[in-house]
Amino acid sequence: MYRIGEAELKRIEGLFKSGNIFRYGMGGECDRFEESWARYVGVEHCRLSRSGTAALYTALVGMGVGPGDQVIVPSYTYMATALAVLAAGAIPVIADVDDSLTLCPKDLKKRITRHTRAIIPVHMVGLPCDMKKIVQIAEKNGLLVLEDACQAVGGAFEGKPLGSWGQAGAFSFNFFKNMTCGEGGAFVTNDELVYQRGSVAVDCCSFYWNPDEERDDLQFAGHNFRASEIEGAVLNVQLRRIKGMIKTMRSHKKTLLAQGLDEGLKSIKNNSIDHECGTHLGFKFRTEREARGFSDRLHGLGVGNFLPMDTGRHVYTRWEPILRYQGAHHPALDPFKIPANKAARIEYSEDMCARSLRILARSVLIPMHPDNTKARVAKMGEAIALAARSA
Ligand SMILES: Cc1ncc(COP(=O)(O)O)c(C=O)c1O
């Protein structure tokens, strides 16, 4: 739901003219963004990287998650959430979503075992999870929480920013996100050690930049997911736009939601309607047939929408590497095969979260856009009313 334009171009032009396009050059765009984003989210640290997937993986490394651990992820999220768990060497356990299309706290409790180490609640399509309940469950069971806020950049739950509720939070800045730099990501945390270890995973050389370079706990083999100053520069401009965009989308969503409810439509559960991103308006139906009928009529009236069930690799039944137990490029590194995971391994099946499938097939999501004019929102409202009436 991004906006991008002249201001970003100008910033990059300045950067190119200066020649300071490298993260460890004379620039400072990445440093500035990391500071500003940490402040926005209300946490101590932020580490920019190449993608949301890298942000999730590096945060897990930071948190010390690895072989022998199970990590609970929801059934409705982009496959990368679960694949990041495998990349860290751990076993993803898939839990149901509820009517909010986010992790169901009740089902989450049921999936906890003695091997569970962490939970990754995912704030899908700008909709926050019930973070109060999830954090309570985590604390009661001694579990870590990594929020996947890749699709909810800039939103909050009950006034507290997404990404600041657990030990760490991860964001994506690619296609279709509330802020974008083409491809990019970042993790945030209040925990100094998570930040330092995660930074080694982002940049295998980062302990050399660190005054504590003698520390054994930071001298493990990392990767390179470093962002360049170009991404940093674009994001610094994007950051100026985000509050206004979210406010506009949230207000459009509330207007359209009220109209839909007046026509007898039922809303999906909104866990934090006054603080979420407002990127998607959701209605739920009694049957898939009703949902598809409404969706088709709305399309016919020129209003884009979709059933979450139809979003390919955002539904666990399409996570082939997991359903086929292909957890790495080499069997000796595959979390599904390594001896350290013998006790933590689980069986997956297409119907293991059947309740989620029913919910995802009976919901219709309508994307908002900050550039929608008042007239456009009014037209969308008329179309929603018409599509509801002709059920
Ligand atoms: C919920 C969720 N998690 C993780 C990711 C991974 O982000 P990226 O594509 O930037 O690696 C995405 C990306 O779309 C996402 O939607």
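**Close-up views of the ligand, its pocket and a cavity**

**View 1. Helix α3 gives the most to the lining of the largest pocket, with three residues.** The model is predicted, with local features needing pLDDT of at least 70 and side-chain atom pairs pLDDT 80 or more, while totals for chains, interfaces and linings use all residues. Residues are numbered from 1 along each chain as its sequence is written, and side-chain values use heavy atoms, without hydrogens or water. The pocket (an open set of points on a 1 Å grid over the protein atoms alone, with protein on both sides within 12 Å along at least five of seven lines) has a volume of about 580 Å³. That volume is the space filled by probe spheres set on the points, which are joined across faces, edges and corners. Helices α3 and α4 are the elements that each give two or more residues to the lining of this pocket; helices are DSSP runs of H or I with at least four residues, and strands are runs of E with at least two.

**View 2. The lining of the largest pocket is made up of 32 residues.** A lining residue has an atom within 4 Å of a point. Nearest the centre of the pocket lie Tyr78, Gln151, Phe175, Lys177 and His314. By class, the lining has 15 nonpolar, 14 polar and three charged residues. Asp, Glu, Lys and Arg count as charged, Ala, Val, Leu, Ile, Met, Phe, Trp, Tyr, Cys and Pro as nonpolar, and the others, Gly among them, as polar.

**View 3. The ligand sits in the largest pocket.** To sit there, more than half of its atoms must lie within 2 Å of the grid points. The shell around the ligand takes two or more residues from each of α3 (52-63) and α4 (80-87), and α3 gives the largest share, three residues. Six nonpolar, eight polar and two charged residues form this shell.

**View 4. Thr53, Asp148, Gln151, Ser172 and Lys177 come nearest to the ligand among the 16 residues around it.** A residue counts as near if one of its heavy atoms lies within 4 Å. Threonine 53 has a polar side-chain atom 2.5 Å from a ligand oxygen. For aspartate 148, a polar side-chain atom lies 2.7 Å from a ligand nitrogen. Glutamine 151 places a polar side-chain atom 2.8 Å from an oxygen of the ligand. Such pairs of N or O atoms count within 3.5 Å. On its own the ligand has 380 Å² of accessible area (Shrake-Rupley method, 1.4 Å probe), and the protein covers 92% of that area.

**View 5. One cavity of 30 Å³ or more is present in the structure.** In a cavity, a 1.4 Å probe fits but cannot get out. The largest cavity has a volume of about 40 Å³. Its lining consists of Arg23, Tyr24, Arg47, Leu48, Ser199, Val202, Asp203, Ser206, Arg226 and Ala227. By class, the cavity lining has four nonpolar, two polar and four charged residues.

Notes. Polar contact = N/O pair within 3.5 Å; in protein donor to acceptor, adjacent residues only side chain to side chain.
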